[in-house]
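Colleague: I am new to this entry and would like to learn how to read it. Could we take one feature at a time?

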Amino acid sequence: MAIYDKSLGSRLFDLMLTVLMLGIIFVTLFPFYYILIVSLSNGNAVLRGEVKLWPVQFTLDTYKLVLSDPNVPRSLMNSLLYTSVGTAINLIMTALCAYPLARPRFSGRTFFTWMVTLTMFFSGGLIPLYLLVLQLGLIDTIWAIVLPVAINPWNMFLMRTFFQGIHESIYEAALLDGASELQILWRIVLPLSMPIFATLLLFYAVANWNDFFNALIFLNTASKFPIQLHLRNVVIMGRFDQTNELAGGSGFVIIEQTLRAYPNLAFVDRR
Amino acid sequence: MATAVSTARLSRAAVRVNLDRLIRIVIRDRYLYLMMLPPALYFLVFAYIPMYGLTLAFKDFDISKGIMGSPWVGLKYFEEFFRNPYSYKLIYNTIMLRIWHLAFGFPAPIVLALLLNEIRRDWFKRVVQTASYLPHFISLVVVCSMVVSFLSSDGILNQLVKALGGKPQPWLQLPQYFRPIWLISGIWQDAGWASVIYLAALTAISPELYEAAVVDGANRWQRIRHITIPGIMPTVTIMFLLRVGQLLAVDFQKVLLLYTPTTYETADILGTYIYRRGIIGADFSFATAVGLFQALVGLVFIIGSNWLAKKLGQAGLW
């Protein structure tokens, strides 16, 4: 805000605001930091509650242990596979859907827009989808993970709105020059739409990477589990084992997500 | 008679002309239809066939006969659901989570946006914003892992309680703490990201209003009270109604990760119950009936809240 108010009350307010905001930053970031220092501390020191602000008896044992479990690299590879294949399908399908719906002259526009919109307000729900995937024979395959979530309608409408923002005269010029709609999409619209593709790439990739539920219901074989499901099975479902007093929450970005999952297993092994 | 014949002939001709036009338009738009084909198939298979699958709620599912061939049983499963007192517990728990969220989780990003808007140094504002977005991109499983870890018997919360002279608690196993845990971890994860939409609404408020207010001698609080808050009220109303519309559509995945049999009393909701009865228990018809009930109530509330939004002079969702 451009207006500066030099009164005492206003300055006091600024001071309190700054303190409050520092508090918010602390509350937001401390859990990540805490997970990190716990992962770098000796397991017994963690158990005795000695880890507070710094790593105690610094060690990389947890990381060695995590990486020595073959399930970890495997589930990471699975996640990488599901995320990359899934996100590629997401982007292609979303663009194929968004482009026709963005073209004012498309005769099927109203019908298909309704077809998509309805699914945002009403759905068959969990069980019919599960039975469908079962009857299509997709259970325990990568397709059960990537196909049911191929298009997110909200994301699709974001992309459509972006396409609509491209000036109509560009389309008309291309049509006059004899370009087909396919050529327009491929050679004109796509190069102009990199910002929305980057945004949706992020949204879809994060959603695919973070998914555990589809994997939980659609996959049976442990060697096919993505990292999130593996993590859930080890850290969250394992939490009521007597051995799980350490309760490894697992942290941070991609690799740490895995690395921190294993203090539990460390304890299972030691006892 | 003659006129009737000629009218019929005319309309037949009109139909032919219309059909010709339609065919010409479809040929003209052939590439667009071709592009639309895979997405249309996707929605047909993964959205509309499951909607048809909801008929399962009125049938006795026999996996060998499929959904179509299974015999009709009418409202049997709905009666079973509504006769069971536990069902009302589930509905109550689901609504309670939504109400807790509306009371505390919903205002959090608004307050955050208002506070961020008062920060004078742009770089500091950006730092706070970036930090507050971070948890949104962390997976639910990791967030819940952290919750489990912090609230475990040797977790940081119990250490803190002990240091303050209190008695350590098995937080996640006590039903009375489930809702606060669910709520606070939710605010921690999403308030920052959810504030984006309110910050966007704040940038749309004309700076001239603030300048005029200063000239008129309004102090800071008065400017917030009489310019900023009214300025974002339309956005607040819309978001509120949207949330009310999701009354029974509480995200059950997080509940599934955080609840335990000892906390079912407050934590078990319709979504988790459908999962347990349907996927784990293979009680497909019953679970579908519960799902249909949930979806129909959801639809009524969405339409109702949209109607209300328009009634209040706001832009509706559609």
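This is a predicted model: local features need pLDDT of at least 70, side-chain atom pairs count only at pLDDT 80 or more; totals for chains, interfaces and linings use all residues.

Colleague: What is chain A built from, helices or strands?

Modeller: Chain A has 15 helices and zero strands. Of its 271 residues, 38% count as buried.

Colleague: How do two of those helices, H4(A) and H11(A), pack?

Modeller: Look at the angle and at the distance between the axes. For H4(A) and H11(A) the angle is about 140° and the axes are 9 Å apart. The pair therefore counts as oblique. Their crossing is right-handed.

Colleague: Which residues meet there?

Modeller: From H4(A) they include Ser79(A), Gly86(A) and Leu91(A), and from H11(A) they include Phe197(A), Tyr204(A) and Trp209(A). By class, this contact has eight nonpolar, seven polar and no charged residues.

Colleague: What should I know about nonpolar cores?

Modeller: In soluble globular proteins, nonpolar side chains tend to be buried together. Here the largest nonpolar core has 99 residues, and those touching the most other members are Ala98(A), Tyr99(A), Cys144(B), Val147(B), Leu258(B) and Val290(B). Another core, of 13 residues, lies apart from it and has Leu116(B) and Ile187(B) among its members.

Colleague: Which residues does Ala98(A) touch, leaving out those up to four places away in sequence?

Modeller: Ala98(A) touches Met156(A), Met159(A), Arg160(A) and Phe163(A).

Colleague: How do I read a backbone angle such as phi?

Modeller: Asp140(A) has a positive value, near 70°. Asp140(A) sits in the loop between H6 and H7 (142–146) of chain A. Ala282(B) also has a positive phi, near 55°, and is placed in the loop between H15 (270–280) and H16 (284–311) of chain B.

Colleague: Are Asp140(A) and Ala282(B) buried or exposed?

Modeller: Asp140(A) counts as exposed because it has 12 C-beta neighbours inside 10 Å. Ala282(B) is exposed too, with 11 other C-beta atoms within 10 Å.

Note on methods
Residues are numbered from 1 along each chain as its sequence is written. Chains are lettered from A and ligands numbered from 1 in the order in which they are written. A nonpolar core is a set of buried Ala, Val, Leu, Ile, Met, Phe, Trp, Tyr and Cys residues joined through C-beta atoms within 7 Å. A residue is buried if 20 or more other C-beta atoms lie within 10 Å of its own, exposed if 12 or fewer, and partly exposed in between; C-beta atoms are placed from the backbone. Two residues are in contact if their C-beta atoms, placed from the backbone, lie within 7 Å. Helices (H or I, at least four residues) and strands (E, at least two) are DSSP runs, numbered from the N terminus. Axes are lines fitted to C-alpha atoms, for helices over the stretch in contact, and angles run from 0 to 180 degrees between N-to-C directions. Angles under 35 degrees count as roughly parallel, over 145 as roughly antiparallel, 65 to 115 as roughly perpendicular and the rest as oblique. A crossing is left-handed if the near helix is turned anticlockwise from the far one by less than a right angle, and right-handed if clockwise. Ala, Val, Leu, Ile, Met, Phe, Trp, Tyr, Cys and Pro count as nonpolar, Asp, Glu, Lys and Arg as charged, and the others, Gly among them, as polar.
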